[in-house]
Amino acid sequence: MRHSNYADVVKRISRPSGLALAVSKPKDGPANIITLGWFMRTSIKPPMFAISVGLTRHSHEILSENRNFVLAIPSVTMAEQTMQCGLESGRNVDKITEFGIKTQHSTLTDIPILADAVANFECKTITQVRSGDHTIFVGEVKYSWQHDDENLEQLLSIPINDDRFNELIKKGSYAFGFIRD
Ligand SMILES: Cc1cc2nc3c(=O)[nH]c(=O)nc-3n(C[C@H](O)[C@H](O)[C@H](O)COP(=O)(O)O)c2cc1C
């Protein structure tokens, strides 16, 4: 063991990792989608997810005013859209329309679920906590959805240039793909 720079240590441990998309909607305006690497299950009864959203994100503004959101787990068919939602802000672009993201009505609210995702969870924020330059929003799952295709692969954030993984898209320091059989 040796002391090392925080960023170098984190780089070593952080991939491959799951990806999520949080869909939120302001009162007047289209639903917006943010790509998230920082999310986790936090309770079984009731089921809950926590998401960590940067203070500067457009999604942060929306999630602070509308307590409902949808947490979608992207499939491999959403590799490009997941990258775009992580690189563009909803302040400048209507991501659902511009990136051709297929949606479906949800049960609880007018926030859509994502039709090509492996899973969708309709959540209601029950608490939030400031964590440095992010806020952790904790949502209770009200309804869960899964894709009809049982074999649809979940999209992962993978190490760049590692041939154990099947790379689907790469931009800057991000690569997305799935684990080869
Ligand atoms: C792979 C990946 C993971 C990301 N994870 C997070 C995250 O966990 N939390 C966060 O606030 N931003 C994360 N981002 C950055 C946001 O997705 C990005 O800033 C996005 O443009 C914000 O959109 P918005 O302004 O419409 O909310 C991630 C981006 C990528 C590409």
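Pro46 is found in the loop between strand 4 (39-43) and strand 5, where strands, E runs of at least two residues, and helices, H or I runs of at least four, are DSSP runs numbered from the N terminus. The peptide bond that leads from Lys45 to Pro46 is cis, with omega near -5°. This is a predicted model, in which local features need pLDDT of at least 70 and side-chain atom pairs count only at pLDDT 80 or more, while totals for chains, interfaces and linings use all residues. Residues are numbered from 1 along each chain as its sequence is written, and side-chain values use heavy atoms, with hydrogens and water left out.

As background, most residues other than glycine have a negative phi, and most peptide bonds are trans.

The ligand is surrounded by 23 residues, the closest being Gly54, Ser59, Glu88, Ser89 and Gly90, where a residue counts as near if one of its heavy atoms lies within 4 Å. By class, this shell divides into 9 nonpolar, 11 polar and 3 charged residues, with Ala, Val, Leu, Ile, Met, Phe, Trp, Tyr, Cys and Pro taken as nonpolar, Asp, Glu, Lys and Arg as charged, and the others, Gly among them, as polar. Strand 3 gives the largest share of the shell, 4 residues.

The structure holds 1 aromatic pair, for which ring centres must lie within 6.5 Å. The rings of Phe49 and Phe121 have their centres 4.8 Å apart and their planes at 45°, so the pair is tilted, planes under 30 degrees apart counting as stacked and those over 60 as edge-to-face. The pair links distant parts of the chain, with Phe49 in strand 5 and Phe121 in strand 9 (residues 119-131), 72 residues apart.

Note on methods: Rings of Phe, Tyr and Trp (its six-membered ring) pair if their centres lie within 6.5 Å; planes under 30 degrees apart count as stacked, over 60 as edge-to-face and the rest as tilted.
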